[in-house]
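Subject: Structure handover

Hi,

Here is the structure I promised to pass on. My notes follow below it.

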Amino acid sequence: MASSNDRPRRAAVLGKPVAHSLSPVLHRAAFAALGLDGWTYDRVETDAAELPGFVDGLGPEWVGLSVTMPGKRAALDHAAEVTPRAAAVGAANTLVRRPDGWFADCTDVDGVTGALRYAGGYSPSASDQAVVLGAGGTAAAAVVGLAALGVTTVRLVVREPARASETVDAAKRAGLDVDVLRWSEVDFAELADSTAVLVNTVPPDAVVPHVAELSRVGSVLDVIYHPWPTPLAEAVERRGGRLATGLDMLLHQAFGQAEQFTGRPAPCEEMQAALREASGNILPLPIS
């Protein structure tokens with residue numbers, strides 16, 4: 001964990017592309033609220049191959065790094081120590097400097113659980129069945145997050161089941177029973193009626209033919225937030241359902257990062273306000 005003194009420190013988000021990242025909004029707001037004058041947070045364009053060399057070249061003033069695509073697996077592999085949840089996901093979005101090397105975590109799991117609890121209004125039951133649409137990197141964090149919420153069974157709906165192995169492995173490492181369904185063979189009405197919580201990680205156009213059915217699920221997390229609103233979000237809102245978004249995920253994953261970077265409790269309300277302003281107040285982003 002970072003030193004608690006107020007000497008200037010540095011942090012950044014690594015990714016490629018990274019110019020669009022809202023992480024600086026969140027972490028600069030956190031530093032300001034905590035009175036950490038001189039602390040900076042930047043964007044650094046870095047791909048997976050470049051990440052190890054960049055991290056190794058950082059001076060002692062660097063306390064932590066947020067990692068977005070495509071470097072999350074490289075961040076996990078480069079760390080001296082990793083959390084169990086990062087190992088389960090198979091990726092790390094957080095690197096924190098420690099005396100014995102870089103420590104890797106995956107606060108994306110907090111992003112999923114926080115978004116579903118506070119925006120999605122999800123209260124898990126032992127008998128709940130979850131569905132995740134897609135099997136990319138976000139889907140891996142989603143299944144581990146669902147397991148953290150107490151879900152025991154998940155169905156992955158994907159275009160090609162053979163390409164879902166990494167997310168299937170993540171689900172199994174998290175202790176979930178997992179079933180993989182081919183998109184073209186799914187009865188989406190039946191799927192929705194037997195599902196308590198849905199996480200969509202695929203582009204909006206892919207979901208358009210099925211939004212009427214999917215919007216019936218009681219709690220929905222649509223990780224897409226630009227452009228907003230998505231067809232699925234509109235359908236959920238028309239039905240009066242509970243909806244969480246990628247912006248909610250972004251906010252809730254940043255709390256744990258801020259705490260690990262600074263060694264202090266995250267100033268959640270100030271971070272929430274900053275993200276709402278930066279995103280044009282399009283969403284309420286509840287935190288309680």
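A term first: a crossing is left-handed if the near helix is turned anticlockwise from the far one by less than a right angle, and right-handed if clockwise. Helices (H or I, at least four residues) and strands (E, at least two) are DSSP runs, numbered from the N terminus.

Ground rules next. This is a predicted model, where local features need pLDDT of at least 70 and side-chain atom pairs count only at pLDDT 80 or more, while totals for chains, interfaces and linings use all residues. Residues are numbered from 1 along each chain as its sequence is written, and side-chain values use heavy atoms, with hydrogens and water left out.

**Helix packing**

α1 (residues 23-33) and α12 (residues 246-262) cross in a right-handed sense. Their axes come within 10 Å, at an angle of roughly 45°. Axes here are lines fitted to C-alpha atoms, for helices over the stretch in contact, and angles run from 0 to 180 degrees between N-to-C directions. That makes the pair oblique. The classes are: under 35 degrees roughly parallel, over 145 roughly antiparallel, 65 to 115 roughly perpendicular, and the rest oblique.

Which residues of α1 and α12 meet? From α1 they are Ser 23, Leu 26, His 27, Ala 30 and Phe 31. From α12 they are Leu 250, Leu 251, Ala 254, Gln 257, Ala 258, Phe 261 and Thr 262. Contact means heavy atoms within 4.5 Å.

**Sheet**

Helix α1 also lies across β1 (10-15), β2 and β3, and runs at about 160° to β2. The open sheet has six strands in the order β2-β1-β3-β5-β6-β4, with mixed pairing. Two strands pair if DSSP finds at least two bridges between them. β2 (40-45) and β4 (81-82) are at the edges with a single partner strand each, so one side of each has no neighbour in the sheet. β3 (residues 62-67) and β5 (residues 94-98) run antiparallel, joined by three bridges. Ser 66 has Thr 94 of β5 as its bridge partner.

**Cores**

A nonpolar core is a set of buried Ala, Val, Leu, Ile, Met, Phe, Trp, Tyr and Cys residues joined through side-chain atoms within 4.5 Å. Buried means under 20% relative accessible area, exposed over 50%, and partly exposed in between (1.4 Å probe, protein chains only).

The largest nonpolar core has 53 residues. Among those touching the most other members are Leu 65, Leu 95 and Leu 116. Helix α6 (residues 137-149) gives the most to this core: eight residues. A second, separate core has 21 residues, including Leu 181 and Val 217.

Beyond its neighbours within four places in sequence, Leu 65 contacts residues including Ala 12, Phe 54, Leu 95, Trp 102 and Phe 261.

**Single residues to look at**

- Asp 108 sits in helix α5 (residues 108-119). It counts as buried, at 13% relative accessibility. Not counting residues up to four places away in sequence, Asp 108 touches Lys 72, Asn 93, Ala 141 and Gln 253.
- His 226 and Pro 227 are joined by a cis peptide bond, with omega about 0°. Trp 228 and Pro 229 are joined by a cis peptide bond too, with omega about 0°. Pro 227 is in the loop between β11 (219-222) and α11 (231-238), and Pro 229 lies in the loop between β11 and α11.
- Asn 281 is not a glycine, but has a positive phi of about 55°. Asn 281 counts as partly exposed, at 48%.
- Leu 285 has a positive phi near 55°. Leu 285 counts as buried, at 0%. Its place is in the segment after α13 (268-278).

Best wishes
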